[in-house]
Amino acid sequence: MQITTEEIFEEFEQLDPRDQSQYLLELGYDLPRFPPEAKRDCDLVHGCQSQVWLTGSMAESGDDPVLTFQADSDAEIVRGLITILLASYSGLRASEILAFPITDVFDRLRLKQYISPQRHNGLQGMVDRIRTIAAESLAPSVAATVKTKVQDRATADHHSKPASTSIRPFDVDEVRRQFPVLNQILANGRPPVYLDSGASAQKPQVVIDKEREVEEQYFANAYRGRYSFGARIDDELEAARQKIADFIGASASEEVAFVPGATAALNMIAFGWSSGRLQPGDEILITPMEHHANFVPWQQVAHIHGAILKFIPLTEDGRLDLTSLDQLLTRRTKIVAVTGMSNVLGTVTPIRQLSDAAHAVGAVLVVDGAQSVPHMPTDVVADGIDFLAFSGHKVYGPTGIGVLYGRQSLLSEMQPMMFGGHMISRVYSDHSEWAPPPARFEAGTLPIVQAIALGTAIDWVQQYGLAAIHAHEQRLLELAATELQSIPNMTIYGPSTEHKGAIVSFRMSDIHPEDLAALFDLNNVFTRHGHHCTMPLHDLLGVSATTRASFAAYNTEAEVRILVDSIREARERLLRHSS
Ligand code: PLP
């Protein structure tokens, strides 16, 4: 008699974690074995570390038949997993199999704690095979209605996710105390006035502590060993992935790949999505205010494929001019790639409007969230974002880690750009097959410590909520805009504060940004000057360089005043010498 899922649940709940993984092995010992002639290559499941043979047959025929499955593996632990799958699926109708929430079973058994993520990918491979067999056995008339129901369910599940809420009141002094780097006294007897978070944000103590905790207590490589350190690392990494998924409203953690940063993610999307898809004459639509990271890759891809790079124009005040969007988007537009927030003008782009327009012509929407994700809530589903890129170091996390988000169906169609260990499901001497996402986009050893600490950084942000952080930053922005306007010969670039995020870029006609930066440094005022990796935008603005002050949760109104006073002081000194 086949064991039922209820019996498995009952047994699992009575056991402690070590015995639970033993029980998984025992389940494997009890599964009937295939005779050698039944282990056919055509029944092998791809994506498994071990060999798995899986077949299905009809227990009762019809438009929506009842199915049973048989499977075997050369690894006992996988045979244990097969037992769970057979108990879950056998005896169901094909339509019931397609609608069955198998992840609920995995979650209830806390399988992610006992099996490595690579094995988890293998498990997903078996689920995919079972679902394919079920889908293929449905009559076409039934298949159409089943598909709609499954889609409705997925949407309902997404919308029933609890919204994250702020649990800790936002108090800038309390926030600031958590950043050791900001609480030191520098050579001139004053603390730093750090106004360059648009380049890299500082890290709160909890993030620094987390990096140290991993290094000191349980560091090991990821997705390799099942000894306790390795298992802990895998769990921490997957927990971080889930936090990131929740933070950006992704439907599943599998939609989040760890990559070195926004630049890496945007290159992977540009080259990976274009590969085999872009034809000569196809169009890519971007904006003139893109950071080079979301500009140069598309320029390269356009050159390689003979595609045309087009631009959404800017209004006089640096917003996107969408009046001609309908003409700009054509049936040849395959990709629309925009920044969520300009790293110079601060302009916030109307993502939902752009995604609706892009989708209407069958294009995908890529969002460079390097600046927007740290400053305003992102919901990839509600915003209709197909691909999103951002960097950990701008969201209070470490350097060397970033995120490539892609809608599940798109990621599983996208070509990887980095090849090697971990990203494969099977390597033959003449070709290879890829692991399912996200592993497909995570070749080699990950920046493990940084990825885990990024999860802590996200927790840190979530405890206040981005809405509270955003409101604080907007107050600083308004103060800065008002005060800067009172300085002679001053141009502030970009739109009014209601259309922008925590960035203010400016230039005075009589003072070069480079000179200003040198004098700022004497007051420990750390801003950035130059073209900020946006040469085409600076060409449009007609200047080679601007000064940029960018704000984060820890900045204060007092610091904005120091910035403004430092500009006045610098003017006095520089103009005294030049007159
Ligand atoms: N996109 C924008 C808008 C940015 O501001 C930056 C960095 O400043 C990037 C992309 C690139 O980020 P990273 O250097 O972390 O890859």
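Modeller: A polar contact here is a pair of N or O atoms within 3.5 Å. This is a predicted model, in which local features need pLDDT of at least 70 and side-chain atom pairs pLDDT 80 or more, while totals for chains, interfaces and linings use all residues. Residues are numbered from 1 along each chain as its sequence is written, and side-chain values use heavy atoms, without hydrogens or water.

Biologist: How far is a polar side-chain atom of Ser-391 from an oxygen atom of the ligand?

Modeller: Ser-391 belongs to the residues around the ligand, meaning that a heavy atom lies within 4 Å. Its polar side-chain atom and a ligand oxygen atom are separated by 2.6 Å.

Biologist: What share of the ligand's exposed area does the protein bury?

Modeller: Areas come from the Shrake-Rupley method with a 1.4 Å probe. Alone, the ligand exposes 390 Å², and the buried share is 87%.

Biologist: Which strands are at the edges of the sheet?

Modeller: Strands are DSSP runs of E of at least two residues, and two of them pair if DSSP finds at least two bridges between them. The open sheet has 7 strands in the order E4-E10-E9-E8-E7-E5-E6, with mixed pairing. Pairing on one side only marks the edge strands, E4 (256–259) and E6 (308–311).

Biologist: Which residue in E10 stands opposite Phe-258?

Modeller: E4 and E10 (residues 402–406) run antiparallel and are joined by 4 bridges. Opposite Phe-258, E10 places Val-403.

Technical notes. A polar contact is a pair of N or O atoms within 3.5 Å; within protein, one must be able to donate a hydrogen and the other to accept it, and residues adjacent in sequence count only if both atoms are side-chain atoms.
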